[in-house]
Amino acid sequence: GSAPFSVAVGDFNSDTRLDIVVANADSNNTSILLGYGNGSFAEETRYSVGTSPTSIAVGDFNNDTRLDIVVANYDSNDTSVLLGYGNGSFAEQARYSVGTSPTSIAVGDFNNDARLDIVVVNRYSYAVSVLLGYGDGSFAKETRYSVGYDSQSVAVGNFNNDTQLDIVITNQESNDVSVLLGYGNGSFAKETRYSVGTYPQSVAVGDFNNDSRLDIVVANLRNDDVSVLLGYGDGSFAKETRYSVGSWPYSVAVGDFNNDTRLDIVVANLRNDDVSVLLGYGNGSFAKETRYSVGYGPRSAAVGDFNNDTRLDIVVADW
C-alpha cells in the first residue's frame with residue numbers, strides 16, 4: 001500500500017510457510033503477502049484499519065490456533081484487531097481506543113491467564129496503554145502507565161527472571177528508555193529510566209551475552225548508532241555501549257544470521273536506504289556493521305526464514 005510503515009511476520013494460512021503483513025500509513029490498510037516457501041510472495045491482499053497505521057504485531061487472540069493481527073492507528077488514536085481465519089484471510093477489524101498518537105504495539109500475556117494482551121505506546125500521552133485480552137479476540141478497556149514524553153517504541157520480555165513479562169519503551173525527548181516490571185496480574189511497577197542515545201527510535205530484546213538474562217538494543221535516530229544495555233537479570237541494566245550504524249537508524253530487530261547460536265542485530269537506516277547487520281560475539285559485544293542496500297526510506301525490519309532453508313532472512317518496509 002501507500003507509505004508502508006511497519007512489517008511483521010507469521011504463518012497466516014497454516015501452510016508452514018512464513019507470510020508478511022505490512023501497515024500502510026497513507027492508505028489506512030494492511031497488506032497480507034502469502035509466502036510460497038521459496039523466498040517469494042503472492043500479490044498483496046488488503047484489509048482496512050484505522051487512520052495512519054504505524055505499527056503492527058501478530059498473535060493468536062482468540063485461542064483458535066490461527067494467527068491474528070493488531071495495528072496501532074496513529075491518527076485515530078486506537079488499535080485495530082483483525083482475527084484470522086487460518087487460510088490467509090481476515091475478519092473485519094474491531095477497534096479499541098488508546099492514548100494520543102499510538103506509535104508502537106506489542107503482544108504478550110501480562111496477567112498469566114494464557115490469553116494474549118496488548119501494549120501500545122502513546123507518543124503524546126506520556127503513557128503506555130495495556131489492553132488485557134479475554135481470549136475470544138476481544139479486549140478490556142485500556143489501563144495506562146506513565147513513561148517519558150514522545151515515546152516511540154515498545155518491546156516485551158522477562159527482565160527480572162520472575163516468569164512475568166515486563167516492557168521497555170523508548171523516549172525520544174528525554175533520550176532514554178523506560179523499563180516497567182510486570183507484576184504478573186496485568187499491572188506494572190513504576191518506570192525506571194536508562195540513558196541511551198539521541199532520539200531513540202526503536203527497541204528490541206535478546207540475550208546478547210548468553211547469560212540467560214535479557215538485554216536491550218536501541219536504535220538512536222540522531223546519533224546514527226545503536227545502544228546495547230546488558231541486563232543483570234534483576235530488572236536492571238548496565239550502562240549502554242554504542243555501535244555505529246547508518247544514517248537515521250529507524251528500526252532494529254534481532255536474530256541469529258550466521259548460525260553460530262549468538263544473536264545478531266539488523267538495523268534499517270532511513271537516510272541511507274540500506275540495512276546494517278552487526279554480528280554478535282556472544283559476549284554482549286558486536287562486530288562492525290555490514291551494509292546491504294534496500295528500497296527507499298526503510299522504516300521497519302523484521303526477521304524470518306522465508307525459503308525454509310533454516311537460515312534467517314530479513315524483510316524491510318520501504319517508505
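Colleague: How does arginine 242 count by its relative accessibility?
Modeller: Buried means under 20% relative accessible area, exposed means over 50%, and partly exposed is in between (1.4 Å probe, protein chains only). Arginine 242 is at 37% relative accessibility. That value falls between the cut-offs, so arginine 242 counts as partly exposed.

Colleague: What kind of model is this?
Modeller: Residues are numbered from 1 along each chain as its sequence is written, and side-chain values use heavy atoms, leaving out hydrogens and water. Local features need pLDDT of at least 70, side-chain atom pairs count only at pLDDT 80 or more, and totals for chains, interfaces and linings use all residues, for the model is predicted.

Colleague: Which residue meets arginine 242 in a salt bridge?
Modeller: Side chains of opposite charge can pair when their charged atoms come close. A salt bridge needs a side-chain nitrogen of Lys or Arg within 4 Å of a carboxyl oxygen of Asp or Glu. Here the N to O distance is 2.7 Å. The partner of arginine 242 is glutamate 240.

Colleague: Is glutamate 240 buried or exposed?
Modeller: Glutamate 240 has 18% relative accessibility. The cut-off is under 20%, so glutamate 240 counts as buried.

Colleague: How many salt bridges does the whole structure hold?
Modeller: Arginine 291 and glutamate 289 form one of them, with the closest N and O atoms 2.7 Å apart. Arginine 291 is partly exposed at 36%, while glutamate 289 is buried at 18%. Shared partners also join Asp176, Glu191 and Arg193 into one network. A search of the whole structure gives a total of 10.

Colleague: How many residues apart in sequence are the parts that arginine 123 and aspartate 150 tie together?
Modeller: The side chains of arginine 123 and aspartate 150 meet in a salt bridge at 2.5 Å, N to O. Both residues are buried. Strands are DSSP runs of E, at least two residues, and helices are runs of H or I, at least four, numbered from the N terminus. Arginine 123 is in the loop between β10 and β11 and aspartate 150 in the loop between β12 and β13, so the parts tied together are apart in sequence by 27 residues.

Colleague: Why is the pair of phenylalanine 61 and phenylalanine 139 called by its type, and what is that type?
Modeller: A pair of aromatic rings is described by the distance of the centres and the angle of the planes. Rings of Phe, Tyr and Trp (its six-membered ring) pair if their centres lie within 6.5 Å; planes under 30 degrees apart are stacked, over 60 edge-to-face, and the rest tilted. The structure holds 15 such pairs. In this one the centres are 5.5 Å apart and the planes at 75°, so the type is edge-to-face.

Colleague: How many residues apart are phenylalanine 61 and phenylalanine 139?
Modeller: Phenylalanine 61 lies in the loop between β5 and β6. Phenylalanine 139 lies in the loop between β11 and β12. The pair links distant parts of the chain, and its members are apart by 78 residues.

Colleague: What is the centre to centre distance for phenylalanine 208 and phenylalanine 286?
Modeller: This aromatic pair is edge-to-face, with 75° between the planes. Phenylalanine 208 is buried at 1% relative accessible area, and phenylalanine 286 is buried at 6%. Centre to centre, the rings are apart by 5.4 Å.

Colleague: The charged end of which residue sits over the ring of tryptophan 319?
Modeller: Ring pairs link Trp319 with Phe5 and Tyr250 into a cluster. A charge sits over a ring if NZ of Lys or CZ of Arg is within 6 Å of the ring centre and within 35 degrees of the ring normal. Here the distance from the centre is 4.1 Å. The charged end belongs to arginine 299.

Colleague: What phi does asparagine 77 have?
Modeller: Most residues other than glycine have a negative phi. Asparagine 77 lies in the loop between β6 and β7. Its phi is positive although it is not a glycine, at about 55°.

Colleague: Where does aspartate 224 lie?
Modeller: Aspartate 224 also has a positive phi of about 55°. At 26% relative accessibility, it counts as partly exposed. Its place is the loop between β18 and β19.
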